[in-house]
Amino acid sequence: MLGEQDIKIREANKEEDSLIARHFYQLWRDNDVPPQSIQDNWLEITLQFIERAREELGYKAFLAEIDGEVVGSAGCQLFSGLYPHALAEEYRKYGYIWGVYVELPYRGQGIAKKLTARAVDYLKSLGCTQAILHASPLGKPVYSSLGFLPSNEMRLDLI
C-alpha cells in the first residue's frame, strides 16, 4: 500500500493531452464499451474537445504520479449546459468533472479520490456552485465519500 507522500497530484500540461485522451479511452473500455462502439478517430475527437474546453470552459486536468510515472488522471471544466443559461451564476454555475481514471494496478489506494478532490478545489476557485460528474459503478463509492449525492437524472434507452 502506498503512503500519502508516494502519490503526487499535479496539474497536467498541454503536452500531456494525449495521455489524458488515452486514459479516457481506457475508461470506456474498462466500463465494457466494445471497441467497435468507439469511433476510430477517438484520439482526435478527444484532443479537439480538450482544446475547445481549455479555450472556452476553463478546462484543467490533473495527473497522479508515483515515482515520476503517471498512473491516473482527471479533467474538469465549466459545465457547458444542456439548456440556455437563464439562471444567475450565483445560483447555478456548475463545474463538470470527467475522465477520472486510475490504472488497474493502482486502484483502491485513494488516487481517484485525490484526483477528484483536486478537481473540486479547482472548480471552487472558478466560483462554481456545484460539481457534477457521471460515475461508473466502481466510482460511486469514491465520489460518495467526497460528499457527492445521487442526482435526479433519468434515462430512457431508445434503441
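The legends below describe close-up views of a predicted model.

**View A. The lining of the second largest pocket.** At least two lining residues come from each of helix H1 (17-30), helix H2 (42-56), strand E3 (69-78) and strand E4 (94-102). Helix H2 contributes the most, with 5 residues. By residue class, the lining of this pocket holds 12 nonpolar, 6 polar and 1 charged.

**View B. The salt bridge between arginine 54 and aspartate 17.** The side chains of these two residues meet at 2.8 Å, N to O. Because arginine 54 belongs to helix H2 and aspartate 17 to helix H1, the pair ties together parts that are 37 residues apart in sequence. Arginine 54 is partly exposed, at 27% relative accessible area, whereas aspartate 17 is buried, at 6%.

**View C. The salt bridge between lysine 93 and glutamate 89.** Here the side chains meet at 3.9 Å, N to O. Lysine 93 has a relative accessible area of 18% and is therefore buried, the limit being under 20%.

**View D. The salt bridge between arginine 155 and glutamate 153.** The closest N and O atoms of this pair are 3.6 Å apart. Arginine 155 is exposed, with 69% relative accessible area, while glutamate 153 is partly exposed, with 45%. Elsewhere, salt bridges with shared partners join Lys14, Asp17, Glu51 and Arg54 into one network.

**View E. A nonpolar surface patch.** Leu156, Leu158 and Ile159 make a nonpolar patch of about 490 Å². Isoleucine 159 is located in the segment after helix H4 (140-145).

Definitions and conventions:
Residues numbered from 1 in each chain as written. Predicted model: local features only at pLDDT ≥ 70, side-chain atom pairs only at ≥ 80, totals over all residues. Heavy atoms only, no water. Helix = DSSP H or I, 4+ residues; strand = E, 2+ residues; numbered from the N terminus. Nonpolar A, V, L, I, M, F, W, Y, C, P; charged D, E, K, R; others polar. Patch = residues over 30% accessible without salt bridge, like charges linked within 9 Å, V, L, I, M, F, W, Y side chains within 5 Å. Areas by Shrake-Rupley, 256 points an atom, 1.4 Å probe, with all protein chains shown as cover. Salt bridge = Lys/Arg side-chain N within 4 Å of Asp/Glu carboxyl O. Buried < 20%, exposed > 50% of the residue type's maximum accessible area, 1.4 Å probe, protein only.
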